[in-house]
Amino acid sequence: QKSAKIEMNLRSLAAEQSLLSRTDGSARFSHGLTSVLAAVYGPVEVKQSKEKLNRATIDVVFKPKSGTPGSAEKLFEKILRETCETMILSSLHPRSAINIIVQLEHDDGSMLACSVNACYLALLDAGIPMNGLLSAVACAFLPEKDDCVLDPTLEQEQNGLCVLTMVFDSKSSHLVASHGIGPMSQPQFFACISTAIPAAKSVADFLRQSAERKLCKEQAVRKNVVKVMET
């Protein structure tokens, strides 16, 4: 019953892959009205100054909806880069670079979680080897509520006491990464994790289904091409 309630509190999810033709992988992910587009280039040649002998160099650029990137965007880049470094099996591509461009299309809350999910799908679309399936969700504590609110809107984030974005491994449900804004007590932190785990599983299921649908479409296209060539 609790899991069903948590799932209903998640806003509608939407995903598309292979949107951009001049990238190695791309994806758009949406949480309600929040929408993020991610593009992946690589593995490609890396600048000598950034070269790492035992693993790939992961670089993330975060672009706001309008205007030039500021300090907030630089922070998002750092968080996303560290999260993507956790996702990617970078040791399989030493002395190379994997570049990720994240474009914010609309922010109505849970933007960082949406960005992580978009990056995951884009990396999957590019065929980058990864450490399993990771999914992200956000929670916020509001002044008038004792419980945390799952997948908060922008208004709830602005009025909230604190916001926590969490990334989970879908197989083990272990917390892989987290980022908090605002003061948070230890009980609040663990309350957010308890609330987020079932929701993160729902997001992971959605990501898996999205990838499977894309794969089925690609296989159908290949079959049609073979049939045309045989006739």
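In this predicted model, the side chains of Asp151 and Arg11 meet in a salt bridge at 3.0 Å, N to O (a salt bridge being a side-chain nitrogen of Lys or Arg within 4 Å of a carboxyl oxygen of Asp or Glu). Asp151 sits in the loop between strand 7 (148–150) and helix 4 (154–159) and Arg11 in the loop between helix 1 and strand 1, so the contact ties together parts that are 140 residues apart in sequence. Helices (H or I, at least four residues) and strands (E, at least two) are DSSP runs, numbered from the N terminus. Residues are numbered from 1 along each chain as its sequence is written. Because the model is predicted, local features need pLDDT of at least 70 and side-chain atom pairs count only at pLDDT 80 or more, while totals for chains, interfaces and linings use all residues; side-chain values use heavy atoms, without hydrogens and water.

Arg11 has a further partner: its side chain also forms a salt bridge with Asp108 (3.4 Å, N to O). Here Asp108 belongs to the loop between strand 5 (97–106) and helix 3, 97 residues from Arg11. Arg11 is buried at 16% relative accessibility, and Asp151 is buried at 4% (buried means under 20% relative accessible area, exposed over 50%, partly exposed in between; 1.4 Å probe, protein chains only).

Turning to helix 2 (residues 71–87), Glu82 and Lys78 are four residues apart, about one helical turn. Their salt bridge has its closest N and O atoms 2.8 Å apart. Glu82 is partly exposed at 38%, as is Lys78 at 41%.
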